[in-house]
Amino acid sequence: LGSNLQGVLYVLDEPTIGLHPRDNEKLLDTLELLKDRGNSLLVVEHDDETMRRASKIIDLGPGAGVLGGEVIAELEPKHLTQKSALKKFPGSTTLKAMTHPIIHPTRGKRRTIPKVAAKDAWLKVNGCTHNNLKDIDVRIPIGRLTVISGVSGCGKSSFMRGTLAPAAKDNKKNASWKSLEGFHAIKHCFEVDQTPIGKTSRSCPATYVKIFDEIRKVFALLPESKMRGYTASRFSFNNAEGQCPECRGNGRIKLEMDFLPTTRVSCENCREMRYNDPTLEIRYKGKSIGDVLRMSIAEASEFFAVHSKLARVLSLLNDTGLSYLQLGQASPTLSGGEAQRIKLIAELAKGRARPLSMQKVVTNLYLIEEPTIGLHQEDVRKLIDVLHRLVDEGHTVVVIEHHTAIMAEADYLIDMGPEAGEKGGNIVAQGTPEKVSKNAKSVTARFISQVL
């Protein structure tokens with residue numbers, strides 16, 4: 001901006017990631033200044049306000065992955081508020097999401113918040129001083145969806161990752177806090193981030209969510225498998241008996257070349273099917289184990305509909321907007337958002353928190369940081385349902401988020417700040433989203449009130 005250049009094309013990929021709505025407004029003001037100086041800007045974004053300020057919106061789709069890749073609408077900002085525009089652009093998921101915003105709370109009402117004095121109902125971390133935290137006392141309702149908001153750098157991660165996570169895992173005194181209460185109710189603490197679910201091509205969605213074991217059992221129970229003496233291990237692409245001898249179950253062969261980047265090419269022996277011919281001869285409903293790994297989650301969900309264990313997990317993956325991923329897709333090819341949602345489904349598939357006694361409940365604590373990164377509005381809607389399902393299963397969920405739709409879904413909202421760095425580290429407001437939205441000292445309040 002300080003260079004005074006003109007005639008430049010700026011290409012930005014989701015510049016609003018990690019920004020509070022207040023900082024997002026400042027970013028958009030800057031982008032408009034660049035435009036007014038005679039430059040062109042091409043921005044990839046999911047953010048509502050960015051689209052409202054655009055001169056033109058190119059909507060791609062209609063779905064994700066192999067289901068996308070087409071221009072389905074060329075919109076103007078005025079279309080985003082016109083439900084009648086859907087008749088002109090019926091295939092635009094973005095237009096549908098903008099003209100039919102989420103009504104909060106999506107379930108009609110929020111879970112009740114226990115009284116502060118209620119025994120065994122709160123996780124309390126007293127005297128938090130990690131990084132810029134100003135000796136604050138923080139309380140989290142057990143078995144509820146709690147969202148932590150505030151401008152970037154205000155202390156959200158310092159509390160959740162630097163204080164709450166160690167408190168839940170160690171459950172003993174630490175230099176970052178003075179005392180703890182209620183943590184005897186926590187069985188496990190899981191930090192669900194956007195790191196890859198696996199670093200090698202042998203890791204895939206089917207193995208991570210533990211359904212590939214069940215799929216192999218299905219093939220092992222077939223009459224042909226029993227006649228040949230094939231067990232479930234035969235259908236593992238890591239097993240020498242069943243895997244393709246050429247690529248050793250990878251489906252692709254790694255080529256290392258001098259002076260050029262390492263690349264992978266299709267295995268000519270198995271044609272990316274991963275298995276040797278005898279193993280591929282075993283068919284279930286006309287499909288080999290190699291065919292199944294190449295199915296999309298949507299296809300597999302229908303294919304295994306009669307198998308309850310498989311159907312439940314595949315349905316969860318489908319409902320979370322991951323229907324386009326292949327069961328055997330290499331984990332390193334997944335985006336951070338895809339990996340994070342698969343982790344959430346893996347946890348949800350484990351089932352309900354178990355009662356410890358008639359008086360106490362053992363709950364898992366899930367700590368999730370900015371899960372909406374890279375998500376379309378429709379996927380945010382699906383993510384909200386997953387977060388609520390986790391809480392319905394008896395778990396305690398804490399989310400750091402800038403997306404107002406997630407804030408507005410919280411049972412309990414903790415707004416930190418008021419600003420970043422040394423000017424942050426305090427709790428500005430806490431309570432239901434409705435209560436926080438009325439707090440005059442909260443920078444976040446104005447933005448929450450716009451969506452409630």
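Reader: What is the volume of the second largest pocket?

Author: About 920 Å³. Keep in mind as we go that this is a predicted model.

Reader: Thanks! Which residues lie nearest the centre of that second largest pocket?

Author: D47, D48, E49, H403 and T404 lie nearest its centre, out of 37 lining residues.

Reader: What about the largest pocket, what volume does that have?

Author: The largest pocket comes to about 1600 Å³. It is lined by 50 residues, and V44, E45, H46, I58 and D59 are the closest to its centre. Elements giving two or more residues to this lining include α1 (21–36), β2 (40–44), β3 (57–61) and α14 (377–392). As for classes, 18 of the lining residues are nonpolar, 20 are polar and twelve are charged.

Reader: Nice. How many salt bridges does the count come to?

Author: The count comes to 31 salt bridges. Another one is between E76 and K78, with the closest N and O atoms 3.9 Å apart. E76 is partly exposed at 39% relative accessibility, and K78 is partly exposed at 49%.

Reader: What do D135 and K178 do?

Author: Their side chains meet in a salt bridge, 3.2 Å from N to O. D135 is in the loop between β5 (122–128) and β6 (136–141), and K178 is in the loop between α5 (156–170) and β8 (179–181), so this pair ties together parts that are 43 residues apart in sequence. D135 is partly exposed, with 38% relative accessible area, whereas K178 is exposed, with 54%.

Reader: Which residues do salt bridges with shared partners join into one network?

Author: R107, R111, D319, D385, R389, D392 and D411.

Reader: Changing topic: where is C267?

Author: C267 is in the loop between β11 (263–266) and α9 (277–280). C267 counts as buried because its relative accessible area is 1%, and buried means under 20%.

Reader: What does C267 touch, leaving out residues up to four places away in sequence?

Author: C267 touches C244, E246, C247, G251, R252, I253 and E272. The C-alpha atoms of C267 and K254 are separated by 9.5 Å, and the two residues are 13 apart along the chain.

Reader: Last one: which residues of helix α7 are buried?

Author: In α7, residues 212–220, the buried ones are F212, I215, R216, V218, F219 and A220. These buried residues pack against α6 (205–208), α8 (223–228), α10 (289–293) and α12 (308–319).

Technical notes:
Residues numbered from 1 in each chain as written. Predicted model: local features only at pLDDT ≥ 70, side-chain atom pairs only at ≥ 80, totals over all residues. Heavy atoms only, no water. Buried < 20%, exposed > 50% of the residue type's maximum accessible area, 1.4 Å probe, protein only. Helix = DSSP H or I, 4+ residues; strand = E, 2+ residues; numbered from the N terminus. Contact = heavy atoms within 4.5 Å. Salt bridge = Lys/Arg side-chain N within 4 Å of Asp/Glu carboxyl O. 1 Å grid on protein atoms, 1.4 Å probe; cavity = no way out; pocket = protein on both sides within 12 Å on 5 of 7 lines; lining within 4 Å. Points joined across faces, edges and corners; volume = space filled by probe spheres on them. Nonpolar A, V, L, I, M, F, W, Y, C, P; charged D, E, K, R; others polar.
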